[in-house]
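Thanks for coming. I have one structure to go through today, and I will keep it short. Please have a look at it first.

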Amino acid sequence: MPEIIIIGGGITGLSAAWEAQQSGISFALLEKEDRWGGKVHTEIIDLPEGQAIIDGGPESFITRKPEAWDLAGELGIRDSVINPGAETRHMYILDGGTPVEVPLAPVKFITSPIMSGFGKLRLLAEPFQPAKSDSADESLADFVSRRLGREALDQFIGPILGGIYNTDPDTQSILVSSPIMREMEAEYGGLVKAVFGRMRKARKNKPVDEEKKPRFGAFAQGLQELTDEMVRQLKGDLRLSVEITKIEKNDAVYQVTLSDGETLSAKSLIFATPANVTAKLLVGVADEASAKLSTIAHQNIGTVTLIYREEDVQTNFRVHGLMIPRREKRAIDAVTFTSLKMPSRSPKGYGMIRVFFGGGKPEVAEVSDAGLLDIVRAELKSTIGITAEPLQIVPFRWLKSFPQANVGHLDFFDEIERTLPEGIYLAGSSYRGIGVPDCIQQGRQAVKKYVTARKALA
Ligand SMILES: Cc1cc2nc3c(=O)[nH]c(=O)nc-3n(C[C@H](O)[C@H](O)[C@H](O)COP(=O)(O)OP(=O)(O)OC[C@H]3O[C@@H](n4cnc5c(N)ncnc54)[C@H](O)[C@@H]3O)c2cc1C
């Protein structure tokens, strides 16, 4: 009998298993699909001139949150971490059907048509805005308009944040999505002051190793290198393609029945599945938590990578990324020129574009590959003028699987955790942050909580 059964083999569940292994705790890891990694999913396509490396889900991770960087070190694969380059260079926003460059350099900002003169002055007045006097949650939209003005929110910051979190900035919790912004405000009184303050501090206290650490990391062969390596080094009971049909508790032991009739028992269960899946699995085991978890909304999301001959993806302007605000009522949410942003991802002579969909128009995630290609081609033609037929497309879809953290989400989740029976732990993107480092942290933390509870009982 393993001590822990971990349900869900995405980055969260694998990280929980890794932590269990490091702590000498036996575990079984159960995954419904026939592959590990969940949304961490890399496809490598052989082309006559070399390979195209395509991440369907996450492509990079932030290193300010150290968990992914540290895990790569523990696994001995730090050498495979590459710098994916700046996310912000040559970034455009679609405004009234026309791509407008996000003005990050001072001269571009002054001359940019993206905001009125008044909007620009309001943004520049950020250091003079009072800091929030309490620690209560608020929406991304409220935070940005409070500090930088409503126009900055509507014209570009809202669309960028909405695109990153596949959400509506008016409802999304700042404390889940960007707690760093609130920390900066609390510590220094404002964002600009915080940027300078932190730069001064960093210069003084920089550890030697930090010199080599990029702000973002990616893996040379795609992010799945991380999950594949964990699977390679894990030595517990790892099972793919298993359906759970029933979970029961008998005398402080949980019994998990699988679709082939086998029953596994353990003192503790870690659910590393999205909250809407966990809600169903917990019926009869933790009914109150189950009912609350089922109210956390999960959006559709998908990406499709299009591989072209290089000459077919020339545009009139240098564009690495295009964010499409929901007010534009388009069928796609964002476009990234992977072959420009990360040239090592495709062989010479090819151009690669990744298109995000499912946020603005959730139904797009449910159409066939052929239908999706028609929709995406029409959108690329009318937004950035690309008309050629791609050589190949590689689509990925996750239906009702991208969590939405509304204002008050962290308090709500605290409430849910308080109702959980002994031995049940929840971790993953539906709870305390959606990024890869957040998921690793939560997976590992679930095991640490189990260890603390076990010690308390001993
Ligand atoms: C398109 C996209 C781009 C992203 N880009 C980034 C990025 O650049 N950087 C970043 O940090 N983050 C990014 N993210 C977010 C990040 O990828 C996810 O939040 C994270 O991978 C979620 O991991 P998870 O293990 O919690 O969930 P999942 O990956 O969803 O894993 C859950 C697992 O549980 C399994 N499962 C479901 N039901 C059952 C069941 N009944 N029994 C057993 N197993 C079950 C699923 O099959 C799945 O494998 C992106 C996400 C998407 C979708």
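I will talk about the ligand site, then about aromatic pairs. Keep in mind that this is a predicted model.

Start with the ligand. There are 33 residues around the ligand, and the nearest are Thr12, Glu31, Lys39, Ser60 and Ile434. Sorted by class, that shell holds 14 nonpolar, 14 polar and five charged residues.

For Ser429 the distance from a ligand oxygen to a polar backbone atom is 3.4 Å, and for Glu59 it is 3.5 Å. On its own the ligand exposes 1000 Å², and the protein buries 88% of that.

Which elements give two or more residues to the shell? They are helix H1, strand E15, strand E19 and helix H16. H16 gives the most, with three residues.

On to the aromatic residues. The whole structure has three aromatic pairs. In one of them, the ring centres of Phe396 and Trp398 are 6.2 Å apart with the planes at 10°, so this pair is stacked. Both Phe396 and Trp398 are buried.

Another stacked pair is Phe413 with Tyr431, at 4.3 Å between centres and 15° between planes. Phe413 is in helix H15, while Tyr431 is in the loop between strand E20 and helix H16, 18 residues apart. Phe413 and Tyr431 are buried as well.

Note on methods
Residues numbered from 1 in each chain as written. Predicted model: local features only at pLDDT ≥ 70, side-chain atom pairs only at ≥ 80, totals over all residues. Heavy atoms only, no water. Phe/Tyr/Trp six-rings, centres within 6.5 Å; stacked < 30°, edge-to-face > 60°. Buried < 20%, exposed > 50% of the residue type's maximum accessible area, 1.4 Å probe, protein only. Helix = DSSP H or I, 4+ residues; strand = E, 2+ residues; numbered from the N terminus. Near = heavy atom within 4 Å. Polar contact = N/O pair within 3.5 Å; in protein donor to acceptor, adjacent residues only side chain to side chain. Areas by Shrake-Rupley, 256 points an atom, 1.4 Å probe, with all protein chains shown as cover. Nonpolar A, V, L, I, M, F, W, Y, C, P; charged D, E, K, R; others polar.
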